[in-house]
Amino acid sequence: MNNIGVLMTCPMFKYLEQELETRFNLIKLWNTEFLKKNSSSIKAVVGNTKVGADAELIDSLPNLEIVASYSVGLDKIDLDKCKERGIKVTNTPDVLTDDVADLAIGLTLAVLRKICVSDQFVRSGKWINGDFGLASKFSGKSVGIVGLGRIGSAIAKRAEAFDCLISYHSRSKKPNTNYKYYSNIVDLAANCEILIVACALTEETHHIVNRKVIDALGPKGILINIGRGAHVNEPEVVSALLEGRLGGAGLDVFENEPEVPEELLTLENVVLVPHVGSDTEETSKAMADLVISNLEAHFSDEPLLTPVL
Amino acid sequence: MATAQEEELPLVLVHRIPNFDFPFKHRLQAQFRLLDPLDSVPPESTHSFISRHAASVRVLLCVDPTPISRDLLSLLPSLQLIVCSSAGVDHVDLIECRRRSIAVTNAGKAFSPDVADLAVGLLIDVLRRVSAGDRYVRAGLWARNGEYPLGFKILLKHQFSNAFGKRVGIVGLGSIGGEIAKRLESFGCAIGYNSRRKKPSVPFPWYKTAYDLAINSDILIVCCALTEETRHIVNKDVMVALGKGGVIINVGRGALIDEKELVQLLVQGELGGAGLDVFENEPDVPEELFSLNNVVLSPHCAVATPECFDALEELITANLKAFFSSKPLQSVVEFD
C-alpha cells in the first residue's frame, strides 16, 4: 500500500506518523508544497480534534475515499459532504472512554479539593507560615451528566463509587439505567451540584451550557467540561465565575484552543488543562492502532472496524 | 466556677495544645461539662490543673496531635475512655492504655471518605499531570506552543499514564484503605493489599510484606496507622521493587515513607511519580520536589473540608453520649 496517499492534517502523535509512513505514502498538510503536487494521489485523510476534514479540504481531494479520524468526536468533519461524495468515515470510540472519564473525575476532585492551588501553596513556601484552609467534599455530592453515552456512563460508574447521586440529560431517556433523567438541561443543572458535559458536539448541543444553565447550577455549583469548548458559552462562564454566580470549573476544552480566556488564568476556583482527555501513552497508541487498522481494512476491501459513515 | 446546671452534666477533660482547638466546643458544652486546663483562670499548668480537678475524670477528649503520655495517664486514675479527634493515634501511648484497659476511639469513619477522595485525586493528578497541565496553561505556554505541539504536549503523551487496569497496592486496608479500594475498583484498577493480618472477608489478594505488595503493583497507596512497626514501612527496597514507572501516594503519616530515599529516587527518575499529603517534618517539604512535574504536594489537608468536621463532631458527640449511657462506642481503636 506504499503508493496510497494518506494526508495527515496536523502533527498528532509521533507513533501514528511513523506507522503511517511505513505503510502508506504519508503526506503532511502542514507542508503545503507537497499537498498541491500530491492532491490527486490522496485517498485517505487522518484528522483530529484540531484539524479535521472540512468541505474545502474534501473538495480539494478528488480521489478521497476515507476519513479516519484520530478522535472520537466528529465535529471537525463535514459529514454531509462525506455522505454526498460516498466517503467513508471512521473514529476512535471505546479505547479512550476510560481516560476521558478518569480525567472528568480528576478535574472534579482538583476543583473541589483545591489540589492545584494547595500544591502551589506548598511549592511557594507558604505552608511554613500557616495552614491552607478548607476545601469542599466530593463524596456524596449530586452529579449531573450531560450525555449518557460511553463516556457519560463511565463517568457515572466512577462517581457512584464516591456515593454520588447521579442524574443525567440526553436527547431521550436511556433504558436500563436507574439514574434520574431530566428532559431539560436547566432542570438537570438546578438539581445537581456538579455538572459534567460529556455529549457529542452537534448543531443542537452548541452552547448547550448557556446563561440559564449556569444560573440554575448556581454559586455553589461546579462545571466540568471534557466535551468540546463549543458546548459552553465561554464568555458567560467567564463572567459567572468572575461575579461569583458559578462556584468553580474544571475545563479540558475551550472555544478557541489553544487560546484560554485571560480572566481565567488568575482564578483559584478553576482548573485548566490543555485538551488532554485522551492523552496517555496507552490510549494514544490504541487510538493510533485503530486508525491504522481502519485504513488497512478499507484498502484491503475488508469491513471497517469503527465506521461512522 | 461551675454553675449548678453545669455540675449536673457529665464531665469531660479536654486535652489540647494552645494552637489547636475545635470549632464545635460551644455545642459540646451544651451537653457536657468540659474541663480545659488551657482555659483555667488564673492560668495553671496542665499537670497542676489535672491533679487538682480531674481525679474523677472518666473521659478525656484529645484534640488532634496533643500527645498523651504514660505520665499524663498516671494523673487520671479513673480514666476509662479517650476520644481522639484524628484518625491517627500515634500520639497516644496505646500500650499504657491497653494495660489500664482504657478504651480509645479515633475519627476513623468520619474522615475516611474525604481522605479516600484526596488519595484518588492526588493519584489522577500525578498520572494525568493535572496540576502540571494547569500550570502550563496559566503560564501561557499552550498558546505559545500551540501551532507546533512539541515540547509539553508530546512530552506529556510519553509520560502520562492511565489508571485503567493498573495494579494498586494499598498499604493498610482499614477504613480509609477500604474506601480507596472501592473508588479505584470503579476505575478498572486491580487491588491488592498489605496489612498485619489477612482479612478473610476481603476479596483482594493479601501480601505479607510491603515489599511483596510493591513487586506486584504499579501504584502504592499508603494509608496505614503509624506505629513503631510501620515507621519507614515504605523504604528504599520497597520503592525500587515498585519500579521505575511506579507511583506512590501517601495520605497516612510522613514517617511511613523513608522521605530522603523517596526524594532521591524521584529526582533521579527512578520512580514514576508521587502524590504526598504528609511529610516527615511538616510543614518543611524537601525543596528538590518543587521543580518536579510528576509530583503533587498537599499541605496535610486530607480532612480539611467542612463536611469532614461536621462528621467528626457527630461522631465525637455520639461517642461521648454512648459512653455516659453505657451504650456501644464507634470507631474503637484495636489494640494489637
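Me: What does the salt-bridge rule find across the interface of domain 1 and domain 2 of chain A?

Reply: It finds 2 salt bridges there. Keep in mind that this is a predicted model.

Me: What makes the meeting of A:R150 and A:D94 a salt bridge?

Reply: The distance. Their side chains come to 3.8 Å, N to O. The cut-off is 4 Å between a Lys or Arg side-chain nitrogen and an Asp or Glu carboxyl oxygen. The value of 3.8 Å falls within 4 Å, so the pair of A:R150 and A:D94 counts.

Me: How many residue pairs in polar contact does this interface of chain A have, and what classes make up the side of domain 1?

Reply: The rule finds 3 residue pairs in polar contact between domain 1 and domain 2 of chain A, both residues at pLDDT 80 or more. The side of domain 1 that touches domain 2 has 3 nonpolar, 3 polar and 2 charged residues.

Me: Where do the bounds of the two domains of chain A fall, and how do you know?

Reply: Domain 1 covers 5-95 + 281-299, and domain 2 covers 97-272. These bounds come from an automatic or database domain assignment. The C-alpha centres of the two domains of chain A lie 31 Å apart. Domain 1 brings 8 residues to the contact and domain 2 brings 5.

Me: What area do the domains of chain A bury between them, and which residues of domain 1 lose the most?

Reply: About 610 Å² is buried between them, with 40% on carbon and sulfur atoms. In domain 1, A:D75, A:D94 and A:T283 lose the most area to domain 2, together 62% of what that side buries. A:D94 is also the salt-bridge partner of A:R150.

Me: Now chain B. What are its domains, and how far apart are their centres?

Reply: Domain 1 is 4-109 + 305-324 and domain 2 is 110-297. Their C-alpha centres lie 34 Å apart. Contact involves 13 residues of domain 1 and 9 residues of domain 2. The buried area is about 910 Å², and carbon and sulfur atoms give 59% of it. In domain 1, B:D90, B:K109 and B:C308 lose the most area to domain 2, together 49% of what that side buries.

Me: Why is the pair of B:D90 and B:R253 called a salt bridge?

Reply: Their closest N and O atoms are 3.4 Å apart. The rule asks for a distance within 4 Å. B:D90 and B:R253 meet it, so the name applies. The rule finds 1 salt bridge across this interface of chain B. It also finds 8 residue pairs in polar contact, both residues at pLDDT 80 or more. α6 (108-128) and α14 (306-324) each give two or more residues to the side of domain 1. α14(B) gives the most, with 4 residues.

Me: Is B:N106 buried or exposed, and how do you know?

Reply: B:N106 has a relative accessible area of 14%. Buried means under 20%. Therefore B:N106 is buried. Its place is in the loop between β5 (103-105) and α6 of chain B.

Me: What makes B:N106 and B:A87 a polar contact?

Reply: The backbone oxygen of B:A87 lies 2.8 Å from a polar atom of the B:N106 side chain. The limit is 3.5 Å, so 2.8 Å is within it. Beyond its neighbours within four places in sequence, B:N106 is in contact with residues including B:C84, B:L315 and B:V333.

Me: What makes up the contact between chain B and chain A?

Reply: It takes 61 residues from chain B and 62 from chain A. The two chains bury about 5,200 Å², 60% of it on carbon and sulfur atoms. There are 7 salt bridges between them.

Me: How do you know that A:E282 and B:K166 form a salt bridge?

Reply: Their closest N and O atoms are 2.9 Å apart. On the side of chain B, α6(B) gives the most, with 10 residues. By class, that side has 32 nonpolar, 13 polar and 16 charged residues.

Methods:
Residues numbered from 1 in each chain as written. Chains lettered and ligands numbered in written order. Predicted model: local features only at pLDDT ≥ 70, side-chain atom pairs only at ≥ 80, totals over all residues. Heavy atoms only, no water. Contact = heavy atoms within 4.5 Å. Buried area = accessible area lost by both parts, 1.4 Å probe. Polar contact = N/O pair within 3.5 Å; in protein donor to acceptor, adjacent residues only side chain to side chain. Nonpolar A, V, L, I, M, F, W, Y, C, P; charged D, E, K, R; others polar. Buried < 20%, exposed > 50% of the residue type's maximum accessible area, 1.4 Å probe, protein only.
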